[in-house]
Amino acid sequence: MIKATFEKIGPIKNAELELGDLTIIAGQNNTGKTYLVYSLYGFLKYINEPAHWHPLREFGEGDSTAEQLNIFAKQLSDNGVLSIPFKQYKRLSEQYVRETSRFFSKELIHNVFSTSKRGFADAQFVLEMDFNGPTDETFIQDIKSLLAPISVSFMENRVVFEREIPKDVPSPEEFIAGELYMYLGRFVSLEAPSVFILSAERFGISLFYKELDFTRNRLVEELQKLSDGTKSFNPFEFITKGSSRYAQPIKDNIDFTRDLARIQAEKSALTLDNHSIRKMMGGYYKADSNDIRFISRRRKDNRFDIPLHLASSSARGLSDMYFYLRHVASPGELLIIDEPESHLSPTNQILMARLLAFCVNAGLKVLVTTHSDYLIKEINNLIMLDNDFEGKEEFLTKHKYTEHERLRPDAVKAYTCEAGTLKTCHIDNTGIDMPVFDDAIDKINQISNELAFRVMPGETQND
């Protein structure tokens, strides 16, 4: 279970979001959906980075996690062995996440949006998550490799530390406390999902990432001129005037696109279906150090092989998802997509819903924001496919569904974002009750029927 609480973040006054295997946030424009997913992305990225596994100096005095670890450090220093019941260690991990959330809200969340602290002065983000504990030898070996001077093992639902610190180490208790904090941060990061995001700005990145590289190279050239004395240059003025403000998810999307030539040499640990993207776009993608190319599936007539920046916006928007699924995705990872239906035809929006279900059934967690009624209606169809009914196999064959596309109702969470909060949508074996779309569709159908009656009154009455 992963549950996030948001307060005073952009237009969001107070909201609670619990993730499912597939999580959907729908709503009108400018209601705060992007604020929610960017905040969650920023925090999950933060706790998964090794540089932030040692926050003792960040929390300071009065932090309950630090105080408890100081007590453990003294016990380990004095006795050479420390044995903690896993239930207690689990509670400590949950406490660590809450306290790290508070620090993130106070000191870091504004960086995710690339803005000043002032705009997020009262922001509060809190994450809660369940901890299952060590389940395999790989996990244990990973932890052991982290703590060279302190050995760790798991015995009968206990976490056991043994001291192996040279006698000449100064302040051994402080040193041990730091190592225990590092271990705790690593433990939390192994249980928390890693995260990948496809922002709404992904459609333009393939157009301008080369220009961003040019700006970066120009800065290097100017700094070199400064170093050899050939030019008077103020680098801070150059950076201030020449740099643009991008939120962290957008920066990360840019870096991903820049690195595609290297990423393409890797292979995802999951067997994921890229045929849906090939079918949607009628082509596939290749990257090298110079360019990203969009290549036709056709072998004869109307074949194309073009730079991605010359392709349609829909082809550009799906390129990073194609490379991610094929080369990067890993089990348990959280994939966040801002408006996956953007620039897609109704037919392709339906195929996108099937692809999202396939990703979930392959082992990914997926979180999307959406304005698409087609996407929701197809997800509802995939939920209904989880039921048993007469002639099911024939139905699947007729409409070209596979068993890998059906969705369990309890695997899906859905919300509407409105009035500064999230409202939970009811889900059962017939799908999601999504009034934000149903009300709009009912209204336009009502208007259409009334207009038809007024424009063609005689024909309507005769009918």
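Ala414 lies in strand S14. The model described here is predicted. Ala414 has a relative accessible area of 2%; the limit for a buried residue is under 20%, so Ala414 counts as buried. Leaving aside neighbours within four places in sequence, Ala414 is in contact with Ile24, Lys423, Thr424, Cys425, Ile427, Ile432 and Met434. Gly20 is 394 residues from Ala414 in sequence, yet the two C-alpha atoms are 8.6 Å apart in space.

Tyr415 is also found in strand S14, which covers residues 412-418. Its relative accessibility is 5%, so Tyr415 counts as buried. Not counting residues up to four places away in sequence, Tyr415 touches residues that include Glu16, Leu17, Glu18, Thr23, Ile24, Ile25 and Ala26. Leu422, Lys423, Thr424, Cys425 and Met434 are also touched by Tyr415.

## Helix H3

Helix H3 takes in residues 64-79, 16 residues in total. From its first C-alpha to its last, H3 reaches 23 Å, close to the 22 Å expected at 1.5 Å a residue. The buried residues in H3 are Thr65, Ala66, Leu69, Phe72, Ala73, Leu76 and Ser77. Seen down the axis of H3, these buried residues fall within an arc of 135 degrees, so they line one face of the helix. An α-helix has 3.6 residues a turn, so residues three or four places apart point the same way.

Gly80 follows H3 and has a positive phi, near 80 degrees.

## Largest pocket

The largest pocket holds about 590 Å³ of space. Its lining is made up of 27 residues, and those nearest the pocket centre are Ile2, Glu191, Ala192, Pro193 and Gly332. Helix H6, residues 172-191, gives the most to this lining, with 4 residues.

By class, the lining of the largest pocket has 11 nonpolar, 9 charged and 7 polar residues.

## The protein as a whole

The secondary structure comes to 17 helices and 17 strands. The protein has 463 residues, of which 47% count as buried. Among contacts between residues at least 6 apart in sequence, 71% join residues at least 24 apart. The pair Ala414 and Gly20, 394 residues apart in sequence, has a C-alpha separation of 8.6 Å.

How values were computed:
Residues numbered from 1 in each chain as written. Predicted model: local features only at pLDDT ≥ 70, side-chain atom pairs only at ≥ 80, totals over all residues. Heavy atoms only, no water. 1 Å grid on protein atoms, 1.4 Å probe; cavity = no way out; pocket = protein on both sides within 12 Å on 5 of 7 lines; lining within 4 Å. Points joined across faces, edges and corners; volume = space filled by probe spheres on them. Helix = DSSP H or I, 4+ residues; strand = E, 2+ residues; numbered from the N terminus. Nonpolar A, V, L, I, M, F, W, Y, C, P; charged D, E, K, R; others polar. Expected span 1.5 Å × (residues − 1). Buried < 20%, exposed > 50% of the residue type's maximum accessible area, 1.4 Å probe, protein only. Arc of directions from axis to C-beta. Contact = heavy atoms within 4.5 Å.
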